[in-house]
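Look over the sequence and the structure before reading on.

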Amino acid sequence: MRITRLLSAALLAFGLSAAAVAPAAADSTPSPGASSEEGAGPTRAGTSFRTATEFEQGQTATARASVGDYLYWSFPASTGQRPTVEASVKLPKTHAAETWRLDVYDGLRRRQACQYGAQTRTAAADAASVELKCVLRTVRAWAEPWADDPLPGTYYVRLTAVNLTAGDLGRSVDIEVRAGSEEMGGAAAVDGSLSEPLVPGVALRNAADGQDGDGDDSPTAVLADLEPEDGWTSGWWSSRWVWTAVGGALAALAGVAGYRLTRGTGRPSRVPPGA
Amino acid sequence: MIRRKWPAAGVGVLLAALTAGLALPSAAVAGEPTGRDAPQVDLVLDVSGSMRTRDIDGQSRMAAAKQAFNEVLDATPEEVELGIRTLGADYPGDDRKEGCKDTAQLYPVGPLDRTEAKTAVATLSPTGWTPIGPALLEAAGDFGDGDGSKRIVLISDGEDTCAPLDPCEVAREIAARGIGLTIDTLGLVPNAKLSRQLSCIAEATGGTYTSVEHQDELAERVNELVDRAAEPVVTPVAAEGAASCAKAPTLESGLYTDREEFGQQRWYRVDVLPGQELRASVSVAADRAVNPDHGVLLRAVTVHDREIVRGEAAGTGRTDVLSTGLRYPKPERDDDDGDKPAAETVCLAVTHSFSPGAGVKTTPGLPLELTIDVVEGPDGSSDVASFGLGRGWWLLGTLVLAGFLAGLVWGWLSRWRFAVWRTS
């Protein structure tokens, strides 16, 4: 009797968690929110880390700028995301060959490596546009101080022409920059987390928050202000819950099977009835 | 998370209160909002003879500039203090010495009276030389003392005619005064030489250069620059690093600027309490012609000269800044004796390997921007991985195997128990 109860409970648990296996297997599908929302972003670009224009992932930031400018944007990225930054530069009708480059820096202004994508591209003379792309590494919750792994926080995008002729200096170009990210799910989880995201000026902002209360609502300048859509803490949900729960259920089933195997079925036949 | 945040905020406030009166009064206001002081913009317009040329949409450059100025004056945001300076507006003669002194303030930087400013612009007619360098020097003195952002917008159609004073070096010197001044330049129908000169001026101060061939472009661009000046921006606090850690200034969380000459080291100190994390990033800007290969190194060193962690960056080719950063979480202290000093002094050393291009002046040093954040150290764990959760087929397999083995043993045990019970 106990065995059947145990068995049915295990089966129930298995059935429940089997339904939830799907998200576990679908670890690396992009989150719908990240790419489908095509919001219009800011229409300007900053000219230094300090003045970088902020935009959210999923938005398209546009700017009219001059060849030779160093253009800066920043966007927030959270744990488990693998950000992709894309830029397209519409060049003037006539121009000499010029090379454009897209660089991504983290909140500590450390240059971040691109896994894939053409980070540097040379536009031939009179080419209409240049497309650049950088796929970053997955943002982890924590890393050793000696590593420069991407951590949750602000990411800076710098776009500039690195190789150009003096004749093209100052010519007008139209620029579009997009950032989006793929959710990497539980595979990217690590043991540990930062107390504060890697946002420049976060210590000052916390101090200001602590001192607030004198009704001072004048616009304050901060280095970075935006947060990811779901906040900095990625939440408690992870595909690891499903994996572990399914594992537990299967283990229970296997346990029952093992028990039945050695215990034998029911009572031994030699036992007299009523004993 | 909230539970942990309160003590940190308390410590921060306490620290700020304790240190407010100490060595670095300026540090207490590091990164304070600058919105209170009005942003100031000085438009510097070239009124030299060449502005008569009729090549902007069929009208003369001067007419185009006037029209653009009218539009800009109409669109200037209320809070921006705008001034206008001319160069080459008054002296029509041939004496170079006189012509190179020809710069005047047409409308002082201050609250804008649109009608008055427009009337002043209407009186201009193309006249003299192109003394860009002297005009910039004068323009830098046009601004008030406020902490608001300051911007010079230089509009010119010809290169400077007042050598040997290089306007590019003038711009660099103005930037080195540390008044947070940016120079943006616009070239009207420029040739390559003018483009080079104006973009050199812009790069020396972190500004932008735009070439303009149509009147609407001019108005649009100047408007954009004026708007940009109106945006609140964190202004860095000037700091002066020392040549060694012992003499270095102690900095708190904030944004700082300094100058670092070629081949120089700059040292700063930061106090970090156990359980806090130091985050520092540094950007060294190439505000002049430098050789194409360069690097920057930021080291965190103990007072006993042991290196804790470093951030390094290297680059090649055209660049505005080279930047790097580091994190140093100081572990929580286990022993609780009050003998040791509570805070550890961490020395930050900044070096760069930019080298000046041929014939480039090496003083003042390259502008350096330092961000320091002292925050609470990393949390032990709130990430799911550390709840003991796992993932993957190996985990599943191991669990199933372990469960099965446990079942086997359990079954065997109960069988054995049954046998014992039967025999007894």
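At what angle do the axes of helix 2 of chain B and helix 4 of chain B cross? In this predicted model, the two axes cross at roughly 170° and come within 10 Å. Angles over 145 degrees count as roughly antiparallel, so helix 2 of chain B is roughly antiparallel to helix 4 of chain B.

**The helix pair**
- Helix 2 of chain B contributes B:Lys66, B:Phe69, B:Asn70, B:Leu73 and B:Asp74 to the contact.

**The nonpolar cores**
- The largest nonpolar core has 149 residues, and those touching the most other members are A:Val157, A:Ile175, B:Val44, B:Leu136, B:Val153 and B:Leu348.
- Helix 2 (residues 61-75) of chain B supplies the largest share of this core, seven residues.
- Another core, of 14 residues, lies apart from the largest one and includes A:Ala249, A:Ala252, A:Leu253 and B:Phe404.
- Leaving out residues up to four places away in sequence, A:Val157 touches A:Tyr72, A:Trp73, A:Ser74, A:Val85, A:Leu102, A:Val104 and A:Val177.

**The contact between the chains**
- Chain B has 78 residues in contact with 76 residues of chain A.
- Helix 9 (residues 393-423) of chain B gives the most to the side of chain B that touches chain A, with 16 residues.
- By class, that side of chain B has 34 nonpolar, 31 polar and 13 charged residues.

Key: Residues numbered from 1 in each chain as written. Chains lettered and ligands numbered in written order. Predicted model: local features only at pLDDT ≥ 70, side-chain atom pairs only at ≥ 80, totals over all residues. Core = buried A, V, L, I, M, F, W, Y, C linked by C-beta atoms within 7 Å. Buried ≥ 20, exposed ≤ 12 C-beta atoms within 10 Å, placed from the backbone. Helix = DSSP H or I, 4+ residues; strand = E, 2+ residues; numbered from the N terminus. Contact = placed C-beta atoms within 7 Å. Axes fitted to C-alpha atoms, helices over the stretch in contact; angles between N-to-C directions. Parallel < 35°, antiparallel > 145°, perpendicular 65-115°, else oblique. Nonpolar A, V, L, I, M, F, W, Y, C, P; charged D, E, K, R; others polar.
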